[in-house]
Amino acid sequence: MGIKAIIFDMDGLLIDSMLHWIELDKEFFATQNKEFDPEYVRKLTGHSQQECMTIVKEYFDLSDKEVRELFLKKKKYVNDIYTVKTDIMPGVQCLVDKIKVSSFKQAIASGSPLHDITKVVNRFKWRDHFDELISADHVGEVGKPDPAIYVHTAECLQVDPKDCVVFEDAENGVKAAKDAGMSCIAVPDERWSFGNFDKADLIVDSLQNKKVFDYLKL
């Protein structure tokens with residue numbers, strides 16, 4: 001394998017935003033008189049906003065109007081999540097700094113809307129670190145586990161998928177990366193990474209793990 005590009009998921013991988021999304025989910029479960037279900041999070045993770053609306057509608061048996069109202073209410077929290085509440089995950093800054101001065105290209109590929117990715121990149125002063133910022137917006141609101149977002153990212157980077165390494169914290173993301181023909185390093189977090197990661201080429205506990213740098217030869 002000749003690595004030429006590194007592609008990062010964003011939520012739960014670069015930043016701890018998943019903690020705050022799960023807090024909102026738990027509050028909503030309570031309003032529906034239901035116990036919080038990790039399987040719900042596993043289904044949602046990686047999907048575009050439009051896909052999430054469909055999943056939520058079916059899971060809670062809501063009307064189109066109720067789902068739209070729910071997502072409109074959530075919007076007021078989104079800005080705080082990405083501009084105030086979230087922090088960088090351990091090891092991220094060191095890794096993206098090392099890649100920046102290497103021969104590798106690097107990109108973010110997230111199911112989150114592009115404007116939210118941009119908020120994060122601006123907040124942590126990462127704009128010069130990444131060659132591309134790709135969201136589900138670029139592929140017709142198709143999120144993970146569909147590989148479209150990763151295939152598109154490789155095209156934008158002008159790198160063959162087999163020469164790309166993806167970092168993911170979600171089962172849906174790992175499947176998307178592998179189906180795109182890429183290598184994948186899974187970094188599951190027991191607080192929000194529910195699912196099976198056996199398809200990953202490497203599984204580590206954090207981006208600080210020496211195995212990450214050995215794998216990338218950094």
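Predicted model: local features only at pLDDT ≥ 70, side-chain atom pairs only at ≥ 80, totals over all residues.
Residues are numbered from 1 along each chain as its sequence is written, and side-chain values use heavy atoms, with hydrogens and water left out.

**Exercise 1: the whole chain**

Find out how many helices and strands the protein chain has, and what its radius of gyration is.

Solution. Start with the helices and strands: the protein chain has nine helices and six strands. These are DSSP runs numbered from the N terminus, with helices being H or I of at least four residues and strands being E of at least two.

Next, take the radius of gyration, which is computed over C-alpha atoms; the globule rule is 2.2 Å times the number of residues to the power 0.38. For 218 residues, a compact globule would come out near 17 Å, and the protein chain agrees because its value is 17 Å. Along the principal axes, the C-alpha atoms fill a box of roughly 50 × 30 × 30 Å.

Finally, look at burial. Buried means under 20% relative accessible area, exposed over 50%, and partly exposed in between (1.4 Å probe, protein chains only). Buried residues make up 51% of the 218 residues.

**Exercise 2: an aromatic pair**

Work out which kind of aromatic pair Tyr40 and Phe60 form.

Solution. Begin with the rule. Rings of Phe, Tyr and Trp (its six-membered ring) pair if their centres lie within 6.5 Å; planes under 30 degrees apart count as stacked, over 60 as edge-to-face and the rest as tilted. By this rule the model has 13 aromatic pairs.

Now apply the rule: Tyr40 and Phe60 have their centres 5.5 Å apart and 70° between the planes, an edge-to-face pair. Tyr40 belongs to helix α2 (residues 38–44) and Phe60 to helix α3 (residues 49–60), so the pair ties together parts that are 20 residues apart in sequence. Both Tyr40 and Phe60 are buried.

Then widen the view. Ring pairs join Tyr40 and Phe60 with Phe28, Phe29, Phe36 and Tyr59 in a cluster. Phe36 also has the charged end of Lys26 over its ring, 5.4 Å from the centre. That label applies if NZ of Lys or CZ of Arg is within 6 Å of the ring centre and within 35 degrees of the ring normal.

**Exercise 3: salt bridges**

Solution. First comes the idea: side chains of opposite charge can pair when their charged atoms come close. A salt bridge is a side-chain nitrogen of Lys or Arg within 4 Å of a carboxyl oxygen of Asp or Glu. The count by this rule is ten salt bridges.

Second, take Glu168, which meets Lys144 in a salt bridge (2.8 Å, N to O). Glu168 lies in strand β4 (residues 164–168) and Lys144 in the loop between β3 (132–135) and α7 (148–157), so the two tie together parts 24 residues apart in sequence.

Third, take Lys210, whose side chain forms a salt bridge with that of Asp214 (2.9 Å, N to O). Lys210 and Asp214 are four residues apart in helix α9 (residues 210–216), so about one helical turn separates them.
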